[in-house]
Amino acid sequence: MFRTRRLRKSEGIRRLVRETKLSVDDFVYPLFIEEGENIKTEIVSMPGIHRFSLDRISEELDEVVALDIPAVLLFGIPSNKDDEGTETWNDNGIMQQAIRFIKKNYPSLYVITDVCFCEYTSHGHCGIIHDNDVDNDATLVNIAKQVISHAKAGVDMVAPSGMMDGTIDMIRQSLDNSGFPNLPIMAYSVKYASAFYGPFRDAADSAPTFGDRRTYQMDPSNRDEGMREATFDDQEGADILMVKPALSYLDIIRDLKNNFDRPIACYNVSGEYAMVKAAAQKGWIDGEKVMMESLLSMKRAGADIIITYFAKEAAKILNK
Ligand code: PBG
């Protein structure tokens, strides 16, 4: 008889044949940084996750560094919004201040910025609106300004999330022409128009005031199109390709892993976090075990990097 159970008999042999291993090295922890003072506000739909003002962010960063999490992904929440999101390229904006603060006080922490406009525009869309839709090419010009401003502040990597065509090409050229040829780009390459972003939009105050994001984010029905998106970003010079969300899109993570010779990242998004937390609070699932199994499944699917709100909790377990 074929007996597969022989290699499951004890923890010793299970450890020896284990194919996928999670590590704290895999994690990027997202941070919401709000302009203002003395802010530490828990996001109702994301228990354990807070918005911080810069004067209180150290309590969070101390913990991240102590847990040996290698990187953070920054989201800025400005006090002033306008039609174009001009605050995104203010060299003294909240994002730029945050980059400088973290690189000065936590030099070993790798700082990635989310490059987008939805937290900064009065209408909540990811670019400039013309005729009730986001104007792709006009938005690209502002993306370049935003990225250069982050670069000047000392960011380690930029991660454009707006899903405008030509973004990676525009950013690569701008960085190269401005003296930042060594600054890498993590592309939100395959980003779906997903209901799983619900809690994030509360966290980052970025829900669109009209319409939705389906003219720029991808249709969840499409797999081949994901390959097309990743191909363009790869050819335009993205250093890392990302799939977002993660759990409902593990097939796409595997597609990218099999087809591109680039590190693959996935974003375990706010709604995925909220579901686990809510069910665990009700006592309906073992939250820790479901968390670890979910993160493991992303790695098994092919993710080299996992952006997750669970990073601290999972690190505590992995560091034991
Ligand atoms: C900005 C952005 C979003 C997320 C990351 N960057 C929101 C969106 O596209 O609406 C979502 C992250 C999450 O849900 O955790 N464009």
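For "binding site", an unreviewed UniProt entry lists E229; UniProt positions follow the numbering used here, feature names are shortened, and annotations may be inferred rather than shown by experiment. This is a predicted model, in which local features need pLDDT of at least 70 and side-chain atom pairs count only at pLDDT 80 or more, while totals for chains, interfaces and linings use all residues. Residues are numbered from 1 along each chain as its sequence is written.

**The annotated position**
- E229 is found in helix 7 (residues 224–236), where helices (H or I, at least four residues) and strands (E, at least two) are DSSP runs numbered from the N terminus.
- E229 counts as buried because 23 other C-beta atoms lie within 10 Å, the cut-offs being 20 or more for buried, 12 or fewer for exposed and partly exposed in between, with C-beta atoms placed from the backbone.

**Backbone details**
- Most residues other than glycine have a negative phi, and most peptide bonds are trans.
- The peptide bond from K244 to P245 is cis, with omega near -10°, and P245 is found in the loop between strand 10 (240–244) and helix 8 (250–259).
- N38, in the loop between strand 1 (27–34) and strand 2 (40–42), has a positive phi near 55° and is exposed, with 8 other C-beta atoms within 10 Å.
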